[in-house]
Amino acid sequence: MSFAPIKGRRRGLRTRIVLYTSAVIGVTLAAAFLWSVYNLRMVLQDRNDAFLRHELDEFSGALSDGRGDSHEHQDDPLELLRHEAAAGVDAGLLVLLKHDGLTEGFPEGAAVRSFEQAAETAEPDAAPHTVAVAGIAAGVRMVCVEIAVPSEKSSEKSGGKTGGKNWTVILGLPLTESEQTVASFNTRLAAGSALFLAAAVLGGLFLTRQALQPVADSIAAARRLNPADLTARLPRTEAGDELDLLAVTVNDLLDRVARNHEQVVQFTADASHELRGPLSAMQAAIEVTLQQPRSNSDYQDLLATMGEQCHRLADLVNDLLLLAKADAGQIELQRAPVDLADLVAEVVETYRPLAEEQDVSLETPASDRLVCLGDRMRLLQLTMNLVDNAVKFTPRGGKVCIKLAARDAAACLTVEDTGIGIAADHLSRIFERFYQVDESRSADGTGLGLSICRWVATAHGGTIEAASEPGRGTSFRVMIPNVVDELGSVAGQQ
Ligand code: ADP
């Protein structure tokens with residue numbers, strides 16, 4: 001028998017498991033990555049917005065209650081605002097102060113001019129939002145507020161130049177630093193994820209190799225199995241897991257297959273041996289007869305001998321065929337009510353001449369009518385086998401008794417003899433095929449009779465058992481269920 005190479009397929013399974021788990025880990029990592037970056041951005045944005053609001057409060061507070069670090073500008077709102085703007089610039093802000101179409105930007109430079117353009121449409125009191133500003137790739141977070149300035153203060157200090165009442169303050173926080181934080185976080189997270197994924201793939205490869213090792217060992221053990229050597233067994237993991245259970249189940253199956261194979265081999269050897277006996281006898285008789293010219297009566301004797309051996313061969317082949325068919329479940333019993341007393345009487349009639357010839361008394365005590373549902377031909381075969389053995393193994397002057405009784409809704413057939421008996425170590429094996437206690441005493445037997453008896457009993461749902469005492473006799477008891485009562489219904493059934 002040759003095996004298709006399956007190494008590649010096993011590798012494929014391992015690779016697939018690693019690929020699937022790595023894909024799941026990869027997708028999970030990517031999702032966690034995106035979620036972390038999104039949340040980091042949100043946290044940074046909240047902090048930036050809080051910072052911008054706090055700075056705006058500083059502007060409003062400076063004007064409304066006149067506080068501020070510089071006492072010298074307490075009565076000049078514009079100077080107060082400029083002072084706050086300078087403080088905002090120190091904190092990293094871009095500041096625009098708007099009044100009556102005039103705009104002052106802090107700190108001086110290109111950045112604040114770009115911010116001024118971007119903030120042209122800024123609406124006071126709108127929520128903080130990000131605007132694109134030329135020269136600042138990350139954009140600028142912007143807030144805008146209108147601050148009321150007492151008009152007399154405003155007009156007198158500005159000399160009429162700033163005569164309005166409301167000032168617009170626009171603060172911008174360049175997001176460059178936040179973006180750098182996010183970029184640095186991204187780099188670290190990506191590097192960590194790549195390392196984690198690589199470790200997961202390598203770990204996955206190692207673990208799947210370990211996990212599939214018992215399967216590889218089982219395949220190797222299974223490959224060693226062949227009809228000539230059925231001793232190999234799958235290795236157990238002893239972990240009590242599914243693989244271990246599979247190994248135990250397959251090993252049990254292999255035990256049964258090995259036992260069955262052994263029986264088949266033994267059966268074939270025994271059958272060949274039994275078939276060779278009559279064939280050898282015929283061959284020898286023919287050779288001896290042909291050695292010299294013979295009379296007609298010699299040839300008739302030869303033919304008679306050959307006839308007997310042919311008869312034995314036919315019996316043997318029939319028995320073998322019957323058991324083979326029984327094993328294959330190909331025999332269907334022809335069930336019908338069988339009058340067992342009538343059947344026993346028929347067997348006694350058949351064997352009485354032989355029993356008388358061997359000076360063995362054949363008795364059957366009168367019994368009540370006992371009818372069971374069964375196959376008459378098979379039950380007759382069973383009873384004849386038992387009586388045949390009893391007469392055969394009972395010396396002259398002995399007795400064979402066939403009893404019939406109803407017991408527990410079953411018919412109990414007992415065949416007792418006062419014959420040679422069977423020793424205990426043989427008794428347990430006499431139902432085995434071809435088993436004969438003493439082949440020389442069973443020359444005309446095949447060792448299949450009791451195997452057939454057991455099959456007939458079990459096929460009827462019954463049992464057969466033997467008890468014996470060497471030198472005192474043997475008793476076979478057959479229980480056949482499905483006794484039929486007077487009305488024709490099976491006992492124990494509705
Ligand atoms: P066989 O064709 O040899 O009779 P069986 O299967 O009928 O084969 O019986 C198997 C063996 O059991 C016999 O060879 C014999 O040794 C033993 N045996 C069966 N019945 C009896 C009996 N009534 N008394 C003693 N030995 C018996």
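The questions and answers below go through these topics in turn.

Analyst: This is a predicted model, in which local features need pLDDT of at least 70, side-chain atom pairs count only at pLDDT 80 or more, and totals for chains, interfaces and linings use all residues. Residues are numbered from 1 along each chain as its sequence is written, and side-chain values use heavy atoms, with hydrogens and water left out.

User: Which element gives the largest share of the lining of the largest pocket?

Analyst: On a 1 Å grid over the protein atoms alone, a pocket is an open set of points with protein on both sides within 12 Å along at least five of seven lines, a cavity is a set where a 1.4 Å probe fits but cannot get out, and lining residues have an atom within 4 Å of a point. The largest pocket has a volume of about 1,300 Å³, volume being the space filled by probe spheres set on points joined across faces, edges and corners, and 42 residues line this pocket, with Asp388, Asn389, Lys392, Asp444 and Gly445 nearest its centre. Two or more lining residues come from each of α7 (296–327), α8 (340–357), α9 (376–392), α11 (449–459) and β12 (473–480), where helices (H or I, at least four residues) and strands (E, at least two) are DSSP runs numbered from the N terminus. The largest share, 9 residues, comes from α9.

User: How many charged residues are in the lining of the second largest pocket?

Analyst: The second largest pocket, with a volume of about 490 Å³, is lined by 15 residues, among them Gln263 and Arg433. Asp, Glu, Lys and Arg count as charged, Ala, Val, Leu, Ile, Met, Phe, Trp, Tyr, Cys and Pro as nonpolar, and the others, Gly among them, as polar. By class, the lining has 5 nonpolar residues and 4 polar ones, and the number of charged residues is 6.

User: How many polar residues line the largest cavity?

Analyst: The structure holds 2 cavities of 30 Å³ or more, and the largest contains about 70 Å³ of space. Its lining includes Leu340, Leu382, Thr383 and Ile480. By class, this lining has 9 nonpolar and no charged residues, and the number of polar residues is 1.

User: Within what arc do the buried residues of α3 fall?

Analyst: Buried means under 20% relative accessible area, exposed over 50%, and partly exposed in between (1.4 Å probe, protein chains only). In helix α3 (residues 110–118) the buried residues are Val112, Ser114 and Phe115. They line one face of the helix, because, with the arc taken from the directions from the helix axis to the C-beta atoms, they fall within 160°.

User: Which exposed residues does the face of α3 turned away from its buried side carry?

Analyst: The buried residues of α3 pack against β1 (94–99), β2 (102–106), β3 (129–133), β4 (136–148) and β5 (166–174), contact meaning heavy atoms within 4.5 Å. The face turned away from that buried side carries the exposed residues Ala110 and Gln117.

User: How many residues apart in sequence are the parts tied together by Asp327 and Arg433?

Analyst: Asp327 and Arg433 form a salt bridge, their closest N and O atoms being 2.8 Å apart; the term means a side-chain nitrogen of Lys or Arg within 4 Å of a carboxyl oxygen of Asp or Glu. Asp327 lies in helix α7 and Arg433 in the loop between α10 (424–427) and α11, so the pair ties together parts whose separation in sequence, in residues, is 106.
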